[in-house]
Amino acid sequence: MNRFYVTTPIYYVNAEPHIGHAYTTIVADVMNRFHKLMGFTTFFLTGTDEHGDKIAQAAQAAGIEPKAYVDRMSGIFRQTWPKLNIENDKFIRTTDSEHVKVVQYVLQKVFDAGEIYFSAYKGLYCVGCERFYAERELVDGKCPDHDRPPVEREEANYFFRMSKYQDWLIGHLEANPGCIRPERYRNEVVSFLREPLEDLCISRPVERLAWGIPLPFDKNYVTYVWFDALINYLSAIDYPDGELYRDLWPVVQHFIGKDILKPHGIYWPAMLKAAGISMYRHLNVHGYWRTDEGKMSKSHGTVVRPLDLAPLYGLDAFRYFLLREMAFGLDANFSEEALVQRINADLANDLGNLFSRTLAMTARYFDEKTPPFGSEPDSMDIALREKTEDTISQYREEIPRLGFHKALTAVWECIGAANKYIDYVAPWNLAKDARLFPRLQTVMRTLLEVNKVVGVLVCPFMPSTSAKMLERLGVEKKTADLRLAEDTVWGSLKEGTRVIKGESLFPRVETDKAKEKKKMEVPASPAPEAPVIDMEVFRQVDLRVGLIKKAEKVPKSEKLVKLIVDIGEERQIVAGIAKTHPPETLVGRQVVLVANLKPVKLMGIESHGMILAAVDGQELRLVVPEGNVTPGGKIS
Ligand code: MSP
């Protein structure tokens, strides 16, 4: 059985969840949902890191006991994730008694193996990082992460012989180049490893910090933060004897931000090796979101944190933005403007339009039922199908190697191709001619199939949107049961299935700027909305020169006039030109008309054609041939 196990860092509870925590957790959720879609049995772990100086200090500042404080803060994290459509299988807390037991078990094991020793140590300590720093690690004498000088501290403590694992780790990273990804972070770890590694201080005397896990071999000490926190990845899956541990550990992938690369890239492998546990499969390291915390929200008029924007703009839109905007591994900027722009361009315009145009036309031309492929596909249909199938392969390749934004770009290129196809094929023209009905069936079915594939592919990123799309396409499966291999097979929709037109998937966000722009815009003549058409399509229109023989006003209508026009035969045409062209001015005039329009009834009178006129503001000007042309003369 294919299994997948993904973890996020466990977050410190001295601050509330913010965009950075949300990003890591959403990426892990996307990766997890993708693996479900691929048919894997998955396990997704997140949680909170609750011991240590910083937390104890935060509790003190809040005026409550550490336990009460961490309970409250951990609860906030736990409640945040479902609100972002995150579906973790387990939420671990370092204060869970099971976790404490496992930490003590590992400590004892490593101690018994002689890999932990007791020693006096004097050094430079950063309270923010909760660790000692070597002089050469400081930048201008300051901690590079906290931009504060460390304090000198001397105490006897327990140390883990990390230095002993340096050569083994270098060898492992050489033999498994994809272990730490993207490569820039592997290189960073490799370059750390060019300098001699220090041993790792793993304890703190109880009299200085009681808010930790007691060392099993010395009750006067509690364990140091990393030896506690990192082990969550094991305790959560019932290390050492649980079935979950046996099944999942060999396939574990950690997601972290670049700030905690060193503990995960160096301490953790050494700890695992010392405890006789195999190395993780992948460490996936992402960059940082740069934000302008506390900036005013333009559209909502209040101070918001980026995370607060999620419910305002929609969870799926928020998730899409984070995954599309950041190239995994690199830093990115978060701004409300950029979020709105993506919503309007990618979601409302591209995806939303494709979906609503497809469904509206299916409703109109096929009574809301999925048509069969009517005629044989032509080259356009085949090209769109190939594009779609190509997109599926790119998507399948990109996500496992962390190319989330590339996978989304590929999906959006496919959406773009489908929108162009609509403009080009112009189903509304096909619908005018009953002989082209089989062609119209093929065109609409092709579009429905593309929409279905898109609905499946967006599932890990936008689960609610995916569910909505598939439901409206009449797909019965729940999103949790979707399988990429089965559910993106071309032609898998069922003929005759009812589709639901419904509302637009993503309404456009009206920004102040957009509203202002609209106000300033002079109402000009409507933008030409004509799509580009084939010569072949144009040739289907039968344009003729006609001579008006009779003209009379249609009773009770201001606009309509009933005409008898000679086009080699006599035609009755009802035209909406009476306001500018009184009937008496029309007889004897030559006009240009469309001769093969489906007959319609206007005010109860049949009309077999349409007179062409140019629209000039309020005015209508008849299109006429140059000189006299024999009635019925063809226009090409
Ligand atoms: N408790 C430790 C992790 C222990 S894991 C065994 C910790 N906690 S934290 O609350 O500080 O979370 C750090 C993580 O939050 C980063 O690694 C990253 O996943 C996420 N982010 C925090 N700020 C971030 C950004 N500005 N941008 C992107 N992600 C960042 O470290």
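## Arg93 and its partner

Arg93 counts as buried, at 13% relative accessibility. This value, like every other here, comes from a predicted model. The side chain of Arg93 meets that of Asp71 in a salt bridge, with 2.6 Å from N to O. Arg93 belongs to strand 3 and Asp71 to helix 3 (residues 66-83), so the pair ties together parts that are 22 residues apart in sequence. Asp71 is partly exposed, with a relative accessible area of 33%.

What lets such side chains pair? Side chains of opposite charge can pair when their charged atoms come close. The structure holds 38 salt bridges. Some residues are linked in a network of these bridges: Asp29, Arg33, Lys36, Glu87 and Arg319.

In which order do the six strands of the open sheet stand? The order is 3-2-1-12-13-7, and the pairing is parallel. Strand 3 (90-93) and strand 7 (180-181) are the edge strands, and each pairs on one side only. Arg93, described above, lies in strand 3.

Strand 12 pairs with strand 1 (residues 3-12) in the parallel sense, over three bridges. Here His254 of strand 12 is the bridge partner of Thr7. Strand 12 also pairs with strand 13 (residues 282-286), again in the parallel sense, over five bridges. Ile256 stands opposite Val285 in strand 13. From strand 12 the chain passes through helix 10 (residues 261-274) to strand 13, and this β-α-β crossover is right-handed. Gly257 stands opposite His286 in strand 13.

## Strand 12 under cover

Is strand 12 enclosed or open? Six of the six residues of strand 12 (residues 252-257) are buried, so the strand is largely enclosed by the rest of the structure. Both of its faces are covered. On one side sit Val252, His254 and Ile256. On the other sit Gln253, Phe255 and Gly257.

## A covered helix

Helix 17 (residues 437-457) has 21 residues. From its first C-alpha to its last it reaches 30 Å. That is close to the 30 Å expected at 1.5 Å a residue. Helix 17 is mostly covered, with 19 of its 21 residues buried.

Most residues other than glycine have a negative phi, and most peptide bonds are trans. Where does this chain depart from that pattern? One place is the peptide bond between Arg181 and Pro182, which is cis, with omega about -15 degrees. Pro182 sits in the loop between strand 7 and helix 6 (183-192). Another cis peptide bond runs from Tyr239 to Pro240, with omega near 5 degrees. Pro240 is found in the loop between helix 8 (232-235) and helix 9 (243-248).

Positive phi values turn up as well. Asp367 has phi near 55 degrees, although it is a residue other than glycine. Glu368 is not a glycine either, and its phi is positive at about 65 degrees. Asp367 lies in the loop between helix 13 (336-366) and helix 14 (379-398). Glu368 lies in the loop between helix 13 and helix 14 too.

## Salt bridges at the loop

Asp367 forms one with Lys369, the closest N and O atoms being 3.7 Å apart. Asp367 is exposed, at 55% relative accessible area. Lys369 is partly exposed, at 35%.

Which residue does Glu368 bridge to? The partner is Arg498, and the closest N and O atoms are 2.4 Å apart. This pair links distant parts of the chain, 130 residues apart. Glu368 is in the loop between helix 13 and helix 14, while Arg498 is in the loop between helix 19 (484-487) and helix 20 (512-520). Glu368 is partly exposed, with a relative accessible area of 23%. Arg498 counts as exposed, at 52% relative accessibility.

## A nonpolar patch

Which residues form a nonpolar patch on the surface? They are Ile533, Met535, Phe538 and Val541. Together they have about 320 Å² of accessible area. Phe538 has its place in helix 21 (residues 535-539). Phe538 is partly exposed, with a relative accessible area of 34%.

Conventions
Residues numbered from 1 in each chain as written. Predicted model: local features only at pLDDT ≥ 70, side-chain atom pairs only at ≥ 80, totals over all residues. Heavy atoms only, no water. Patch = residues over 30% accessible without salt bridge, like charges linked within 9 Å, V, L, I, M, F, W, Y side chains within 5 Å. Areas by Shrake-Rupley, 256 points an atom, 1.4 Å probe, with all protein chains shown as cover. Salt bridge = Lys/Arg side-chain N within 4 Å of Asp/Glu carboxyl O. Helix = DSSP H or I, 4+ residues; strand = E, 2+ residues; numbered from the N terminus. Buried < 20%, exposed > 50% of the residue type's maximum accessible area, 1.4 Å probe, protein only. Pairing = 2+ DSSP bridges. Right-handed = clockwise from strand over helix to strand, strands pointing away. Expected span 1.5 Å × (residues − 1).
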